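Dear colleague,

I am handing over the structure below, and my notes on what was found in it follow. Please read them with the model open beside you.

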Amino acid sequence: MSIFSDNIRFLRGKKEKTQQELADTLKLTRSRYVSYEDGRSEPPIEILIKISKFFNLSIDLLVSVDIRKYPLEDILKLPDNRIVLPVVVDQLGNNSIEIVPQKASMGYLSGYSDPEYIESLQRISLPFLTNGKYRAFPAQGDSMPPFKDGSYIIGKYLENIDDLKPNKSYVFVTLNDGISYKRLISRNKKSITVAADNSFYQPYDIPLGEVVEIWQYASGIFPEDFDSTNFENYNFKEVFSELRNTITELENKVFNTKNQTI
């Protein structure tokens with residue numbers, strides 16, 4: 001057995017995947033994958049890259065560090081495991097911001113660490129966003145007003161998970177949910193709790209092991225004028241309606257009481 005084989009066996013167990021399920025994900029036969037897990041053979045570089053992306057761990061860590069000795073949250077904070085994002089500037093020296101298009105958002109999870117995929121994205125520059133690395137992600141649904149379909153959230157890459165702050169908004173890229181824009185509620189050793197600004201949706205937990213990237217909200221792009229009717233689907237209007245009904249009921253009770261005393 002080798003460190004690599006021990007690591008992938010351990011990580012597979014953490015994800016509660018069978019050998020067949022993981023082999024299918026990696027597009028391998030079960031026998032070939034088992035040979036890596038048993039230490040009878042070593043995978044070629046293209047398979048190592050696939051395994052590294054799947055577990056969100058650098059190849060260096062997979063082949064040289066016994067990760068069983070470290071808590072999961074500490075593994076995510078190891079400098080060698082950090083995904084280094086190049087800061088690209090235009091001819092004027094402005095920071096280039098890649099735009100992940102709506103149609104390509106589903107493919108981002110498999111291409112986020114692929115330089116060719118990132119290179120293919122369109123770019124813009126905003127002079128007021130300079131220090132750090134920024135990327136624009138498409139908004140989806142009605143969970144985070146005023147963002148709606150067609151608008152974009154520009155996030156600043158968060159290098160250290162310790163920099164997460166409660167009540168701040170982030171774009172979370174996760175293995176199961178892909179791209180999601182939510183507000184951080186709290187964090188513990190194994191997961192983070194996030195919530196939508198639209199109270200119709202319940203808060204939920206994201207296991208730290210599923211987190212691929214985190215981008216802190218920096219700015220927004222709204223292709224269309226914001227329309228107050230956007231609140232039609234949110235609970236705000238319902239709340240005001242309930243308040244109005246309550247006030248009306250109180251007024252009626254006061255009126256009836258006065259009539260009875262006359």
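Let me begin with one serine: Ser35 is buried, because its relative accessible area is 9%, where buried means under 20% relative accessible area, exposed over 50% and partly exposed in between, with a 1.4 Å probe and protein chains only. Before going further, please note that this is a predicted model, in which local features need pLDDT of at least 70 and side-chain atom pairs count only at pLDDT 80 or more, while totals for chains, interfaces and linings use all residues. Residues are numbered from 1 along each chain as its sequence is written, and side-chain values use heavy atoms, with hydrogens and water left out.

Ser35 belongs to helix α3, residues 30-37; helices (H or I, at least four residues) and strands (E, at least two) are DSSP runs, numbered from the N terminus. A polar atom of the Ser35 side chain lies 2.5 Å from the backbone oxygen of Arg32. Leaving aside residues up to four places away in sequence, Ser35 touches Arg40 and Ser41, a contact being heavy atoms within 4.5 Å. In the same helix α3, Tyr33, Val34, Ser35, Tyr36 and Glu37 are buried, and the buried residues of α3 pack against α1 (3-14), α2 (19-25) and α4 (45-55). Just after α3, Gly39 adopts a positive phi of about 80 degrees.

Another buried position lies in a loop. Val65 sits between α5 (59-64) and α6 (72-77), and it counts as buried because its relative accessibility is 19%. Val65 and Phe4 are 61 residues apart in sequence, yet their C-alpha atoms are 8.2 Å apart in space.

Turning to the strands, β3 (134-138) is largely enclosed by the rest of the structure, since 5 of its 5 residues are buried. Both of its faces are covered, with Tyr134, Ala136 and Pro138 buried on one side and Arg135 and Phe137 buried on the other. Strand β1 (residues 96-99) runs parallel to β3 and is joined to it by 2 bridges, with Glu98 standing opposite Arg135; two strands pair if DSSP finds at least two bridges between them. Strand β4 (residues 152-157) runs antiparallel to β3 and is joined to it by 5 bridges, and here Tyr134 stands opposite Lys156.

The loop between β3 and β4 holds Ser143, which is buried, as its relative accessible area of 9% shows. The side chain of Ser143 makes a polar contact of 3.3 Å with the side chain of Lys182; a polar contact is a pair of N or O atoms within 3.5 Å, where within protein one must be able to donate a hydrogen and the other to accept it, and residues adjacent in sequence count only if both atoms are side-chain atoms. With residues up to four places away in sequence not counted, Ser143 touches Tyr181, Lys182, Ala196, Asp197, Asn198 and Tyr201.

Strands β5 (residues 169-174) and β6 (residues 178-187) pair in the antiparallel sense over 6 bridges and form a hairpin with 3 residues between them, in which Val173 stands opposite Ile179. β6 also pairs with strand β7 (residues 191-195), again in the antiparallel sense, over 4 bridges. These two strands likewise form a hairpin with 3 residues between them, and Ser186 stands opposite Thr193.

β6 contributes to a pocket as well: 5 residues, the largest share of the lining of the second largest pocket, come from this strand. That pocket holds about 380 Å³ of space, and of its 23 lining residues the closest to its centre are Gln140, Asp177, Ile179, Ser180 and Tyr181. On a 1 Å grid over the protein atoms alone, a pocket is an open set of points where a 1.4 Å probe fits, with protein on both sides within 12 Å along at least five of seven lines, and lining residues have an atom within 4 Å of a point. Grid points are joined across faces, edges and corners, and the volume is the space filled by probe spheres set on the points. α7 (108-111), β3, β5 and β6 each supply at least two residues of this lining.

For the chain overall, there are 9 helices and 9 strands, and buried residues make up 39% of the 262 residues.

With best wishes
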